[in-house]
Amino acid sequence: MKKTFGLAVVTLVSMLWIGNNPALAADFPAKPITAIVTVSPGGSNDIQTRAFASLAEKILKQPVVVINKPAASGILGLIQGATAAPDGYTLTTSSMSEVCLLEWETASGRKPEVALSDFISIGAFTVSPLIIAVPTKSPWNTLEDLIKDAKANPGKFAYASGGLYRIAHINTELFSKAVGVKFRHVPYGGGGQAVTAVVGGHEDFASMTPSSSVPLIKGGKLRALAVHGDRRSKFLPDVPTLKEKGIDASLPQIVGLGLPKKTPAPIVQKLRNVVEQVTEDKAFINVIESQGDEVRHVEGEEYSKIQQQAAEMLVKLFKDMPKEK
């Protein structure tokens with residue numbers, strides 16, 4: 001009995017030492033790091049994570065390899081990230097899209113194999129409102145045009161999204177509910193594919209992230225009708241917000257990264273410092289802002305609180321949303 005108790009104490013002390021030993025951070029990383037993105041290449045999360053990786057690897061002196069895992073709306077990528085060894089060598093995209101997806105799984109009566117609590121946030125690097133955009137050949141020049149036609153033709157018009165219950169889907173459902181209209185939803189395997197579908201006229205419109213849409217809007221491939229939220233985009237100052245139109249329906253896209261929950265504290269802190277350094281780097285700011293997003297550093301603990309608040313709001317929203325497959 002005494003021997004068993006003594007072994008348990010030694011094990012506990014060893015775990016505490018490992019979890020708080022600063023030397024771990026000094027030696028980290030000793031090999032390449034993997035960053036899992038839960039959407040297809042070309043979407044906002046993918047663009048931003050790759051921009052982060054290109055600068056983070058210069059700070060860490062090791063490659064940061066981005067891999068895309070969009071299967072099952074990103075759930076498989078989240079599971080892979082959450083169940084990876086808690087050693088700092090596997091990062092996972094952490095955005096409001098993932099929060100939306102996980103909360104929908106729970107609201108639908110399913111118990112997802114992964115949860116927000118399975119990750120430790122190392123912070124976020126952008127906060128972006130979505131933009132309602134249509135093809136340039138669309139007959140809709142204003143948001144009022146879209147709403148008028150949609151009310152006259154319920155269910156006729158379709159919107160694209162980067163996947164079921166991700167940020168674009170949720171924002172468009174919030175919008176349609178607020179204005180009292182019904183659209184058909186066509187989910188794609190990522191934001192990039194959804195934008196391409198709208199540009200090509202295959203779908204009527206979409207709520208798009210700035211990085212996916214602003215360059216195309218400025219290039220004459222898309223027309224912006226409104227910005228979700230209550231703050232105009234500094235890149236599209238002439239485009240009104242939904243709030244200005246009397247529509248209070250939006251959830252901002254925040255993009256950052258998470259680690260498996262048992263990752264040692266020194267490694268977590270080192271990577272949090274890297275996130276902060278990257279968001280202050282002019283090269284990173286130039287890349288992100290050239291795409292239409294705004295760089296804003298959100299510290300890890302604060303980002304976790306924001307995610308939890310969003311999750312609580314989504315629980316209420318999902319009670320009224322129709323199920324899609």
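Okay, quick definition to start: accessible areas here come from the Shrake-Rupley method with a 1.4 Å probe, and for residues only the protein chains shown count as cover. On that basis the protein exposes about 14,900 Å², and carbon and sulfur atoms supply 56% of that area.

Some housekeeping. This is a predicted model, where local features need pLDDT of at least 70 and side-chain atom pairs count only at pLDDT 80 or more, while totals for chains, interfaces and linings use all residues. Residues are numbered from 1 along each chain as its sequence is written, and side-chain values use heavy atoms, with hydrogens and water left out.

So, the overall picture. We've got 12 helices and 11 strands; those are DSSP runs numbered from the N terminus, H or I of at least four residues for helices and E of at least two for strands. The radius of gyration is 21 Å, close to the 20 Å the globule rule gives for 325 residues, so the protein is as compact as a globular protein of that length. That radius is taken over C-alpha atoms, and the rule is 2.2 Å times the number of residues to the power 0.38. Along the principal axes, the C-alpha trace spans about 80 × 45 × 30 Å.

Buried residues make up 53% of the 325, with buried meaning under 20% relative accessible area (1.4 Å probe, protein chains only). Take contacts, meaning heavy atoms within 4.5 Å: among those between residues at least 6 apart in sequence, 80% join residues at least 24 apart.

Now have a look at helix α4, residues 75-82. How many of its eight residues are buried? Six of them: Ile75, Gly77, Leu78, Ile79, Gly81 and Ala82. And what covers them? The cover includes strands β1, β3, β4 and β10, plus helix α5.

The whole structure has 10 aromatic pairs, counting Phe, Tyr and Trp rings (six-membered ring for Trp) with centres within 6.5 Å; planes under 30 degrees apart are stacked, over 60 edge-to-face, the rest tilted. One of them is Phe125 with Phe284, edge-to-face at 5.8 Å centre to centre and 80 degrees between the planes. Phe125 sits in β4 and Phe284 in helix α11, so this pair ties together parts that are 159 residues apart in sequence. Phe125 is buried at 0% relative accessible area, and Phe284 is buried at 0% too.

Then there's Phe175 and Phe183, a stacked pair: 6.3 Å between centres, 10 degrees between planes. Phe175 is buried at 0% and Phe183 at 3%.

Definitions and conventions
Buried means under 20% relative accessible area, exposed over 50%, partly exposed in between (1.4 Å probe, protein chains only).
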